[in-house]
Amino acid sequence: MATPTADEWPGLRASLRAARPDILFVAFGHPKQDFWIDSHRGELPSTVAIGVGGAFDFVAGVQQ
């Protein structure tokens, strides 16, 4: 997923609030994910947000 636009944020925020995650893994790639977490951390419903870059691609076998 590409970094969400400002127009997409309200819908994404509503989905996150409904899901009520304890931990949020953000996989937009470095440094986009870090800037995104920093700019939205006050509105995130999770206590912890972790930038994981392309880790899911490697775990899923999409990338080697």
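Where does Thr-3 sit in the chain? Thr-3 is in the segment before α1.

A word on the model before that. It is a predicted model, where local features need pLDDT of at least 70, side-chain atom pairs count only at pLDDT 80 or more, and totals for chains, interfaces and linings use all residues. Residues are numbered from 1 along each chain as its sequence is written, and side-chain values use heavy atoms, with hydrogens and water left out.

Now the overall layout. The chain has three helices and two strands. Read from the N terminus, the order is α-β-α-β-α. These elements are DSSP runs, numbered from the N terminus: helices are H or I with at least four residues, strands are E with at least two. The C-alpha trace spans about 35 × 20 × 20 Å along its principal axes.

Next, burial. Buried means under 20% relative accessible area, exposed means over 50%, and partly exposed is in between, with a 1.4 Å probe and protein chains only. The chain has 64 residues, and 25% of them count as buried. Its accessible surface comes to about 4,600 Å², and 56% of that belongs to carbon and sulfur atoms. Those areas come from the Shrake-Rupley method with a 1.4 Å probe; for residues, only the protein chains shown count as cover.

Contacts next. A contact means heavy atoms within 4.5 Å. Take the contacts with a separation of 6 or more: residues 24 or more positions apart account for 63% of them.

Thr-3 gives us an example. Thr-3 and Phe-28 are 25 residues apart in sequence, yet their C-alpha atoms are 6.0 Å apart in space. Leaving out residues up to four places away in sequence, Thr-3 touches Glu-8, Phe-28, Lys-32 and Trp-36. At 27% relative accessibility, Thr-3 counts as partly exposed.

On to helix α2. Which residues of α2 are buried? In this helix, residues 32-40, they are Gln-33, Trp-36, Ile-37 and His-40. Seen down the axis of α2, they fall within an arc of 100 degrees, so they line one face of the helix. The arc is that of the directions from the helix axis to the C-beta atoms. Phe-35 and Ser-39, on the other side of α2, are exposed. What do the buried residues of α2 pack against? They pack against α1 (9-19), β1 (23-26) and β2 (48-51).

Look at Gln-33 in that helix. Its relative accessibility is 4%, so Gln-33 counts as buried. Beyond residues up to four places away in sequence, Gln-33 touches Val-26, Ala-27, Phe-28, Gly-51, Val-52 and Gly-53.

Now Trp-9, in helix α1. Trp-9 is buried, with a relative accessible area of 8%. Again not counting residues up to four places away in sequence, Trp-9 touches Leu-16, Trp-36, His-40, Glu-43 and Leu-44. Trp-9 and His-40 are 31 residues apart along the chain, and their C-alpha atoms are separated by 9.4 Å.

That brings us to rings. A pair of aromatic rings is described by the distance of the centres and the angle of the planes. Rings of Phe, Tyr and Trp (its six-membered ring) pair if their centres lie within 6.5 Å; planes under 30 degrees apart are stacked, over 60 edge-to-face, and the rest tilted. How many aromatic pairs does this rule give? The count is three. One of them is Phe-25 with Phe-56: edge-to-face, 6.0 Å centre to centre, 80 degrees between the planes. Phe-25 lies in strand β1 and Phe-56 in helix α3 (residues 55-59), so the pair ties together parts that are 31 residues apart in sequence. Phe-28 and Trp-36 also form an edge-to-face pair, 5.5 Å centre to centre, with 90 degrees between the planes. Phe-28 and Trp-36 are both buried. Ring pairs link Trp-9, Phe-28 and Trp-36 into a cluster.

Last, two backbone details. Most residues other than glycine have a negative phi, and most peptide bonds are trans. Arg-20 is not a glycine, but its phi is positive, about 50 degrees. Arg-20 lies in the loop between α1 and β1, and is exposed, with a relative accessible area of 68%. The other detail is a cis peptide bond joining His-30 and Pro-31, with omega about 5 degrees. Pro-31 is in the loop between β1 and α2.
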